[in-house]
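Work through the following exercises with the sequence and the coordinates side by side. Each task is followed by a solution that goes step by step.

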Amino acid sequence: MKIAKTDIVFIALALVTGTLCLLLKGPPAVLEALSHAGLLLLGILPQLAAGLLIGGLVTRLVSKERVAGMLGAGSGARGLALATLAGALTPGGPFTSFPLVYALWTAGADAGALIAYIAAWSLLGFNRLIVWELPLMGAEFTWIRLVACLPLPMLAGLLARYISRLRAFELAKAPAE
Amino acid sequence: MIAAVVFIWLAVFVLAAFVWRREGRQGLVHAGDTALGTAKTLMLRLPFALLAASFLVQIVPVAVLSDLIGAESGVLGILLASGIGGLLPGGPMTSFPIAIVFMQGGAGLPQLVALIAGWSVFALHRLLAYEAPIMGWRFVALRMASCAALPLLAGLFAEVLVVLAGID
């Protein structure tokens, strides 16, 4: 198996946070974190597998030209609006949405659309609102938060299109399929 | 949780049916190959990412910060709440219960909106566990730069709405 640089970063990160946890909270906290991580992994596997498959299937269904046309750099405000709608309607956790973002990226969506999508999924996600926010935070909080966040994904997408033209933030070419 | 899994797998089967109708077995094999390729890159980093995230949950203090984002804390409180939100560990099943603790501890409504928005947008935990391994650090940097002001804006919009709706 090939070990990439990113893998090493995450192994190091786990070691550093684990050492901090041990020093600050002692062995029981470390054990709790270990079992938490284990359970989390088991819990997300079915959804992660589905997310990866959805990503793979979507790349077969939509042609590169089509995605590039609908969500590419030239798609204008309409592309951002479409990405926002898609993000708000995508159910599931990050283990589902990020494989899809990756698939859209390789299929030709631009930084603006991808970032509008992620912002919409995280800020306006319909599924999370119904399942968690409404029952836990109440209707008054939920509607105020929803309305306050409504314009934000498109704003982020516009900004991303602008910033990604700067040298320091230029997005790498999408990896080949 | 179970309903979500059922729904997502339903989506997988519907999409698979579309691919099968258009490209037959061959299309499904190709789709599977693409999925397997992504899975291979995640195989090693995902368990360690989840581990790091779980350690973070243990380290970050929560209740201490409650006083600092009260209803009278204004724009500074909104800014602070955005930052705290970004550090909140875990998915909705841990962050909303934490938000309730803040709510009962006397946090203001616009500050809470900024907190939830900060958690949604920055989510250090999600960034480390999923976004960086899948999309790479360059994408993360671009997204963070584009979204940096969103929680502050959400808090300010909420402040306006609270005033307009006349909520104490």
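**Exercise 1: the fold of chain A**

Read from the N terminus on, the elements of chain A follow the order α-α-α-α-α-α-α-α-α, in a model that is predicted.

Task: Describe the secondary structure content, the extent and the burial of chain A.

Solution. Begin with the count, which gives nine helices and zero strands for chain A. Next, take the C-alpha trace of chain A, which spans about 55 × 50 × 35 Å along its principal axes. Then turn to burial: with the cut-off set at under 20% relative accessible area, 50% of the 177 residues of chain A count as buried. Finally, consider the contacts in chain A between residues at least 6 apart in sequence, of which 75% join residues at least 24 apart.

**Exercise 2: the second largest pocket**

Task: Determine which elements line the second largest pocket, and state how its lining residues divide into nonpolar, polar and charged.

Solution. Start from the volume of the second largest pocket, about 680 Å³, and from its lining of 25 residues, among which Ile54(A), Val58(A), Ala86(A), Thr90(A) and Leu100(A) lie nearest the centre. Assigning the lining to elements shows that α2 (27-61), α3 (64-71), α4 (76-89), α5 (94-106) and α6 (111-124) of chain A, together with α1 (2-59) of chain B, each supply at least two residues. The element that gives the most to this lining is α4(A), with five residues.

How values were computed:
Residues are numbered from 1 along each chain as its sequence is written. Chains are lettered from A and ligands numbered from 1 in the order in which they are written. This is a predicted model: local features need pLDDT of at least 70, side-chain atom pairs count only at pLDDT 80 or more; totals for chains, interfaces and linings use all residues. Side-chain values use heavy atoms; hydrogens and water are left out. On a 1 Å grid over the protein atoms alone, a cavity is a set of points where a 1.4 Å probe fits but cannot get out, and a pocket is an open set with protein on both sides within 12 Å along at least five of seven lines; lining residues have an atom within 4 Å of a point. Grid points are joined across faces, edges and corners, and a volume is the space filled by probe spheres set on the points. Helices (H or I, at least four residues) and strands (E, at least two) are DSSP runs, numbered from the N terminus. Ala, Val, Leu, Ile, Met, Phe, Trp, Tyr, Cys and Pro count as nonpolar, Asp, Glu, Lys and Arg as charged, and the others, Gly among them, as polar. Buried means under 20% relative accessible area, exposed over 50%, partly exposed in between (1.4 Å probe, protein chains only). Contact means heavy atoms within 4.5 Å.
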